[in-house]
Every structure is written in structure tokens, then in C-alpha cells.
Amino acid sequence: MKWPALWPTGLLALLLAVLDSHWSPPASVHALPGPASWTTGRKLALREQVRELWHHGYDHYMKSAYPLDELAPLSCTGRGPNWLNPADFATNDVAGNFSVTLVDALDTFVVLNDPPGFEDAVRKVIRWVSFDINTKPQVFETTIRVLGGLLSGHLFADKPGQAFHLPWYRGELLTLAHDLGVRLLPAFQTLTGLPYARINLRHGVPKGESIDTCTAGAGSLILEFGTLSRLTGDDRFEKAAYKAFFALWNRRSDIGLVGNTINIFTGLWTHPEVNSVGAGIDSFYEYALKWYIMSGEVEFLDVWQDSYAAVMRYSRSPDGFWYRNVNIHSGDAQYGTMDSLAAFWPGLQVLGGDIENAVKSHLTYYNIWRGFSGLPEVWDMNYRQATSFQYPLRPEFIESTWYLYRATRDPFYLDVGERVLHDITIRAKVDCGLTGINDLRTNGRDDRMESFVLSETLKYLYLLFDEDNPLHSDDSHWVFTTEGHILTLDPTFIRPISPARRKLRRVESLECPAYNPPILAYDAPEDYSRDTGLVGGIVTRTDFEYARQLVGRTPSDNESLWWEPEGWCTLPKHEPYTYDFVLSAHGEIVPEDPRPSADKLVPVSDGYLVHNVTGIRVHIVSRLDGKGYDIAKLGPYAVKTGQKIYFNDSELLLAPLDGGPRSRPRAPEIEVRLFLEHVDPLLQLQALDMHDIITETIVPAATAFFGGDPASRTRPIRFGHGAGVRVVHAHDNALGCAPYAAPLDGAAVAVFRGECTFLEKLVLARRAGASGVVVLGNEEQHINPTAEPQDLAAAGAEVDDVAIVILRRPDAELVADMLDAAERYGLGDVRLVVERWDDGPVAAEDDERQEKGSGKKGDDGPARVLFLNNHPLINTRLLV
């Protein structure tokens with residue numbers, strides 16, 4: 001049901017008043033921000049506040065800590081490796097005595113548009129940094145912070161024609177990156193190809209080193225290692241990272257989930273074998289998508305799509321607002337906690353094109369932030385409370401906020417950013433830099449400024465308010481790494497897809513669907529096929545309050561100020577992201593055929609051809625463009641992006657509904673002719689303003705697998721036969737979901753899709769005396785409705801002599817215009833006739849000797865796709 005059309009005028013006025021409100025920081029924290037208040041001047045002022053805060057941290061690092069790795073802002077000193085305690089992994093995994101904060105911050109100068117600062121930092125790195133040191137940092141942290149920083153700095157310093165090109169530069173940063181990469185390579189010398197978690201940069205892997213590693217640590221190296229190989233021509237790095245990545249993916253469970261930790265010797269997942277989108281796995285998903293964006297390597301696109309589908313099916317909570325820790329084999333929930341690292345997930349969803357789900361999960365983190373003025377490290381969703389209260393100024397939440405703002409341009413996200421900036425400034429800014437928070441309840445501070453504060457947190461916050469930043473208009477294939485470094489590959493370094501693979505894949509356009517804001521009221525409430533009207537923002541969503549209730553946050557006075565006694569919220573629900581079916585032409589339960597023979601299923605040049613569907617298992621996945629589903633797995637075969645599945649099983653047209661003897665085929669698609677009755681042939685000459693009126697048209701229509709068969713010749717019904725039937729449109733019952741006020745006297749009633757089932761529309765029309773129903777659909781593809789057996793039994797024989805057909809959106813709009821014109825100008829009735837389809841399934845009743853498959857239409861009409869449970873499968877084609 002499209003509820004906004006039912007909103008009273010007074011409530012709309014209230015919402016418009018709310019949209020003009022202004023959020024001001026903590027003294028009066030408002031929940032409903034106002035877009036009118038976000039002037040260019042306000043955004044620039046906040047951008048400069050972020051710049052000042054960044055320099056406050058960076059300048060104090062250079063003054064009090066450089067050339068050590070990190071700043072200790074409370075004691076105004078530097079921090080390096082803990083030489084006395086090698087087991088201090090929290091320190092030593094990051095601090096390798098190579099000025100990590102300086103290297104990590106290199107490309108932030110690019111974002112801040114500070115060429116002098118960039119040049120000074122590059123000179124300092126070249127002068128001081130060396131990797132011939134006796135320290136044992138973590139391979140993952142060193143790769144993302146140091147190797148990534150060096151590569152990004154090199155790309156800008158070495159590229160002519162832009163502000164950060166350094167004429168004196170001779171590739172010194174790339175030389176350092178290559179030296180570091182060579183020192184990291186011994187970690188990959190294992191039977192599985194999975195690297196050790198830590199390595200001594202001077203002596204290699206020490207004896208007794210741990211043989212367990214996490215999925216993110218071993219599988220999030222391809223961006224940096226791949227870029228290093230492409231820039232240097234030394235392919236050892238990309239090969240090592242590639243092997244490690246697929247060593248993990250190829251060990252996924254039967255339901256497509258990877259675990260959190262793995263033994264690098266045996267290749268077995270370690271207890272408790274859980275999957276999540278947070279710590280330990282997070283950037284594995286990120287690098288699958290981003291390396292595809294950078295390099296065009298389609299294998300990584302396949303991993304992203306398959307892994308995302310598995311996460312959305314098993315890890316996503318039933319309400320769709322958060323992601324659980326689940327068992328990798330069963331998909332059952334294991335823990336009810338989520339960590340702050342998982343706040344990156346909404347941003348990755350935006351990059352992958354799933355903005356709707358990104359909005360939901362971001363709202364959950366937003367409400368947690370509002371409860372603490374920071375994001376606790378661990379949150380328990382069952383008890384609705386934090387279990388770990390540290391906040392080391394992590395960037396993930398503000399990163400997702402930036403992605404969502406760029407995708408939606410909703411000012412709500414600017415308000416979120418302003419709140420974050422205020423909270424960080426108040427809580428973390430000290431005389432000597434920026435400090436992490438040990439306990440958000442007491443604001444107990446940690447004497448440490450992590451390098452990611454300068455390389456990520458404040459970088460994303462700056463970009464949020466800098467509308468005109470060159471990155472926002474750069475449409476090349478650049479990405480942010482998981483440490484916020486800007487990497488891209490010149491087209492000369494992109495490996496073209498081979499002609500054979502291109503022919504096989506036929507990769508379709510992968511543009512992300514545009515964001516559609518919620519509609520508060522429609523231009524034409526009676527016409528549900530027109531999605532135009534007064535639009536709102538994130539705060540006008542009906543599930544906006546649900547996210548606050550979900551985490552148990554008490555509403556502020558300002559939030560409750562706008563509540564209405566008659567108001568209501570939506571309890572969220574979502575369609576499953578994936579389905580699995582074992583196909584059967586006749587609807588009965590059949591055993592799965594795990595190895596279908598060539599008589600059933602064969603590969604063809606651009607996909608697969610199915611001659612017999614019986615027993616073939618299909619795995620279907622939701623499309624992000626909202627147009628339906630795709631088959632992602634067909635029997636033992638993985639179906640790649642751009643491939644098609646052709647169904648040539650004529651038994652699909654002969655499926656009985658009740659399991660009884662096989663009946664004659666019911667055509668899934670017919671053609672109907674609509675025309676204006678009693679039209680003066682000189683009408684268009686007499687009224688020049690009516691020259692566009694359509695007086696006759698023939699359109700394809702989908703049939704339902706219940707009710708009367710509109711194309712039957714052996715048992716004809718009144719609908720569409722003889723001289724045709726009159727088509728009427730009941731304006732007071734536009735959806736056809738309520739009893740009709742007046743008898744329909746054998747007419748076919750045109751209704752819009754929505755609110756009730758197709759069967760209910762047909763039953764109500766039949767009770768009013770209609771001969772059938774014409775549904776003006778809002779889908780681009782045809783839908784062949786089905787009904788549950790118990791619903792058909794309840795309807796009984798009442799619907800056997802009436803029919804229902806469904807029109808695609810373009811045809812529905814044409815017919816709606818035709819009905820409106822006939823009524824407006826008094827042109828007489830619109831009548832409907834079912835056309836005889838002599839070359840298709842309808843003719844089969846007159847010629848039992850027709851060969852199987854002769855019902856294939858020409859290529860001039862719309863593509864005919866397979867439907868499963870009313871879900872259109874877009875990458876299928878019906879040949880029967």
C-alpha cells in the first residue's frame with residue numbers, strides 16, 4: 001500500500017514546518033534537520049573547522065612526535081614500537097618505527113588542497129623512512145597504512161598536469177613501496193598461500209609465529225599489492241594477494257559464507273566459524289568490489305555479488321536494520337552483537353548500488369552515536385546496550401555518512417556530520433592533538449592518536465562539507481582503500497578482458513540505480529502508476545523512528561515535540577534477498593538432479609540452454625535496480641553477470657494447477673485490442689487539441705494461472721470475445737480492493753496494481769458483475785500471477801468464468817490515457833477484444849499436431865522472461 005497518498009493536509013503542513021527547522025549542536029539537539037539552513041557558507045565554515053582540527057592533530061604530531069610513529073597527545077610525546085614487550089600487539093602491529101602517521105597522512109594533503117604541505121611531507125618521508133628495521137608489524141596494518149600511503153603519494157607526486165606534481169620527484173616513494181613489498185612477501189610462503197599475520201621486516205617470519213589469521217587480514221591486500229605490481233612491473237605482489245584472496249573465497253561454506261579466522265597451514269576455519277560484516281571480515285568484501293572497480297577483473301565482481309547475496313540472506317536481521325554474527329554452515333544467528341568497524345558497511349552498500357539498505361543500517365549506527373556522542377566499540381542488540389565503551393576516533397561511521405550524502409544529497413547527512421564534528425571537537429581535542437576515548441560514559445581519554453584519525457576520519461568529514469572537491473567530479477576508476485588512501489590505475493595498466501571472455505560474459509551496464517526519496521503525497525493519488533509528487537527526506541521515512549526504538553535510545557524533547565497522537569510508524573519488513581528452488585514444470589515436488597545431463601541443460605555461447613527444467617536447482621538473487629531477480633546459479637553452473645538462461649521446455653506451458661491430469665496450455669501472454677466505439681472519423685480534424693488521442697491499439701497482456709482463460713477457444717468466456725467488452729475505470733475504487741458501489745454489468749474493470757492480491761481484485765470484480773479485470777501494472781516486465789491453493793479453494797468456482805490480465809507499465813499508461821480521453825471528451829466506450837494469436841500457444845487448441853516450441857514469438861516484441869512465485873527473472877528468456 002502506498003500510504004503517503006492517505007496523509008491529511010494538516011500533517012503535510014506539519015512536515016513542511018519541520019523541514020524548515022534547524023539543528024543546532026548538543027545544547028538543543030534536534031532530530032529533524034532543515035535543508036533550507038544548509039547554505040554554501042555554512043558548509044564552507046564547517047569544512048574550515050575540519051581543516052583546523054586536522055592541522056591541530058598533524059602539527060602537534062610533527063612538533064612532538066615525528067619521526068616516531070604516533071602522537072601521545074596527553075603527554076605531548078611520540079610513540080613507537082614497544083621494544084620491551086614484543087607481545088604488545090595493540091602497539092606493535094601498527095608501530096613499526098617508520099613514521100606511520102606521516103606516511104598515512106600523505107594524500108590527505110591532496111583532499112585538503114594543500115600542495116606545499118604535500119611537498120613538505122613527501123620530502124620528509126624520503127629523507128627519514130626506511131624499512132630495514134628489526135620490528136615485527138602486522139602484514140595487514142602495514143599494507144593498508146604504509147604501503148597504501150606510499151602508493152597514493154607516488155601517484156600524485158608523479159602525475160604531470162595537476163597541482164600536486166613535483167618536478168623534482170624521481171619515484172622515491174614507489175622505490176620505498178617496492179622495498180616494503182619485498183620485505184612482506186615471505187609472509188606468503190605457505191602451502192595455502194595465506195600469509196602469516198606478522199613478519200619481521202629485517203629477518204622475515206620468526207620461528208613459532210602464529211598460524212592463525214583473519215579473513216580481512218589475509219584477503220584485503222589486493223588493492224595495494226595489485227597497484228604495486230602494475231606500477232613496477234613486478235607481478236609477484238599481485239599474484240600473492242590474488243592467491244590469498246581466492247584461498248579464502250574457495251573455502252567458503254556451502255551457503256556462500258566465509259569465516260572470521262583460518263589456519264594458514266591447514267586452510268580450515270577455526271572455532272567458532274562465524275560470519276559477520278564487522279571486525280575480522282569487513283574489508284574482504286570491500287576489496288572484492290573495489291578491485292573490480294579499479295582493475296575491471298570480473299572474478300572479483302563475481303565474488304562481491306555472491307558474497308553480498310549470502311550476507312543479505314543470512315546475516316541481515318529480519319527487520320533489515322543490522323547484521324548479525326551467523327554460523328557459516330547453517331546461517332543461524334550466533335551472537336547478537338555488532339562492532340563499530342561494521343559501520344563501514346552502509347558506505348560499501350552505497351558503492352555497490354544498494355542505497356535503500358544502506359540508509360537503514362546507517363540509521364542504526366546514527367542512533368547509537370546519538371546515545372553516546374561517539375560510537376562504542378561493541379554494541380549488544382539483544383540487551384540494547386554497549387559492552388565495550390572505547391571510541392578511538394574510528395572513521396567508519398563518518399565514511400558511510402559521506403557515501404550516503406554523495407548518493408542522496410539529503411541534508412540529514414550534513415546534520416549528522418556536524419554532530420560528529422562537534423562531538424569529536426568537544427570530547428577528543430586536547431592541547432597537544434586529538435585523543436581517543438577510553439570510556440564514552442566518563443570521557444576517560446587514551447594517550448594515543450591513531451594514524452587513521454588524520455588519514456580517514458577527518459578526511460571523510462572534510463569531504464562531506466567540501467561540495468566542490470575535485471574528487472567529487474572525477475569519474476575515473478579511483479577508490480578509497482580501507483585506510484582511506486586514493487588509488488587508481490592509468491588505463492595503460494588495465495588488462496583488457498580477452499575476446500573469448502568478453503563474448504562469454506557479455507557484461508551488462510553496471511550503473512547503480514538512482515536514489516528515489518520517499519514521496520509524501522502523490523500528484524495523482526488515484527493513479528498509482530505515477531510516482532511523482534511531494535518528496536521528503538530521510539527524516540520523513542516511516543521507519544525513521546524505528547531505528548531509535550531498536551537501540552533503545554530515549555527520544556529527545558525536540559523529537560517528541562513533533563509527534564502526533566494519531567501518527568504511526570512502520571514496522572520494517574523486507575523480501576528475502578535470495579531464493580532457492582528445485583524446478584518442476586508441473587508444480588509438484590521432485591528430487592533434485594545435481595548433475596543434469598546434456599539432454600536437460602547445456603552451456604551455449606552467451607549462457608545456458610535448458611531443455612528440461614525438472615529437478616534443476618536454481619539460486620535467484622535480487623537485482624539492485626529493483627527490476628526483479630537474476631538466476632545466479634543453475635544446477636552446478638555459476639551464472640555470471642551478463643549471461644542469459646534460455647528455457648526451451650514446452651512443458652512449462654502445460655502445468656496443471658491442481659496436480660490432476662494435464663490440461664491444455666494456458667498462454668502466459670496474449671494480445672488484446674482496445675478501441676474507441678462510436679468515433680466520428682472526422683473527429684481529429686474537428687478538434688485540433690485532440691489530435692493525439694489514441695482511438696485503437698493492440699498491446700500484449702500477461703495472464704494469470706487462475707480464473708478463466710481469456711484465450712480459450714474450447715471453453716470461451718465473456719471477457720474479450722465476440723464484439724468485445726466495455727472497459728470501465730471506477731475512480732472511487734482505483735485499486736479494485738473494495739466492493740464496487742455500482743454494478744459493472746459485464747464490463748472489464750481497469751484497476752491499478754497494489755494493496756490487495758490479484759485474486760482479491762478478480763473476486764470483487766466478479767461479485768459486481770464484471771467479466772474480468774485489466775490490471776494497469778507498474779512493472780517493466782510481464783507478471784503471471786498465481787494464488788495459494790487455500791485462497792483458490794475459498795474463491796471456488798466463482799472466478800472460473802472471469803479473467804484477469806496484467807499490462808506492463810508503458811502499455812498501462814497508454815490504456816489509462818485512452819480511458820481518460822474517452823471520459824473527458826465523451827467519445828463513447830472503450831472496448832476490449834482478445835486477439836487470436838495464430839502462431840502461438842493459443843493455436844495449439846486447434847492443431848494438436850503443433851510441434852513443441854512453436855509458440856515462440858518474433859523478436860519485435862518485449863523479451864519474455866521466466867517468473868517464479870511472481871518474481872521476474874531478468875536474465876532468462878523463454879523460447880516456448
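Here is a short chat about a predicted model of a protein chain.

Student: Hi! What kind of model is this?
Tutor: Hello! This is a predicted model, so let's read the values as computed ones.

Student: How many helices and strands does the protein chain have?
Tutor: The secondary structure comes to 25 helices and 35 strands.

Student: And what share of the residues is buried?
Tutor: Buried residues make up 59% of the 880 residues in the chain. The accessible surface comes to about 36,500 Å², and 52% of that surface belongs to carbon and sulfur atoms.

Student: What about contacts along the chain, how far apart in sequence are the partners?
Tutor: Take the contacts between residues at least 6 apart in sequence: 70% of them join residues at least 24 apart.

Student: Is Asn-275 buried or exposed, and why?
Tutor: Asn-275 counts as buried because its relative accessibility is 0%, and the cut-off for buried is under 20%.

Student: Which residues is Asn-275 in contact with?
Tutor: Leaving aside neighbours within four places in sequence, its contacts include Leu-257, Val-258, Ile-281, Tyr-285 and Arg-324. With Val-258 there is also a polar detail: a polar atom of the Asn-275 side chain lies 2.8 Å from the backbone oxygen of Val-258.

Student: Let's switch to helices. How do helix 17 and helix 18 cross?
Tutor: Helix 17 spans residues 412-428 and helix 18 spans residues 452-465. Their axes come within 10 Å and cross at roughly 140 degrees. The crossing is left-handed.

Student: Which residues make that contact?
Tutor: On helix 17, they include Tyr-413, Leu-414, Gly-417 and Ile-424. On helix 18, they are Thr-457, Leu-461, Leu-464 and Phe-465.

Student: Why are helix 17 and helix 18 called oblique to each other?
Tutor: Angles over 145 degrees count as roughly antiparallel and 65 to 115 as roughly perpendicular. The crossing is at roughly 140 degrees, so helix 17 and helix 18 are oblique to each other.

Student: New topic: which peptide bonds are cis?
Tutor: Two examples, then. The bond from Tyr-66 to Pro-67 is cis, with omega near 10 degrees. The bond from His-271 to Pro-272 is cis, also with omega near 10 degrees.

Student: Where do Pro-67 and Pro-272 sit?
Tutor: Pro-67 lies in the loop between helix 2 (40-64) and strand 1 (70-72). Pro-272 is in the loop between strand 4 (261-263) and strand 5.

Student: Where are Cys-76 and Asn-443?
Tutor: Cys-76 is in the loop between strand 1 and strand 2 (77-79). Asn-443 lies in the loop between strand 13 (436-439) and strand 14 (444-446). Cys-76 is partly exposed, with a relative accessible area of 37%, and Asn-443 counts as partly exposed at 23%.

Student: Last one: what does the side chain of Asp-593 do?
Tutor: The side chains of Asp-593 and Lys-600 are joined by a polar contact of 3.0 Å. Asp-593 is found in the loop between strand 19 (578-582) and strand 20 (601-604). Asp-593 is also in contact with Gly-615.

Notes:
Residues numbered from 1 in each chain as written. Predicted model: local features only at pLDDT ≥ 70, side-chain atom pairs only at ≥ 80, totals over all residues. Heavy atoms only, no water. Helix = DSSP H or I, 4+ residues; strand = E, 2+ residues; numbered from the N terminus. Buried < 20%, exposed > 50% of the residue type's maximum accessible area, 1.4 Å probe, protein only. Contact = heavy atoms within 4.5 Å. Areas by Shrake-Rupley, 256 points an atom, 1.4 Å probe, with all protein chains shown as cover. Polar contact = N/O pair within 3.5 Å; in protein donor to acceptor, adjacent residues only side chain to side chain. Axes fitted to C-alpha atoms, helices over the stretch in contact; angles between N-to-C directions. Parallel < 35°, antiparallel > 145°, perpendicular 65-115°, else oblique. Left-handed = near helix turned anticlockwise from the far one by under 90°.
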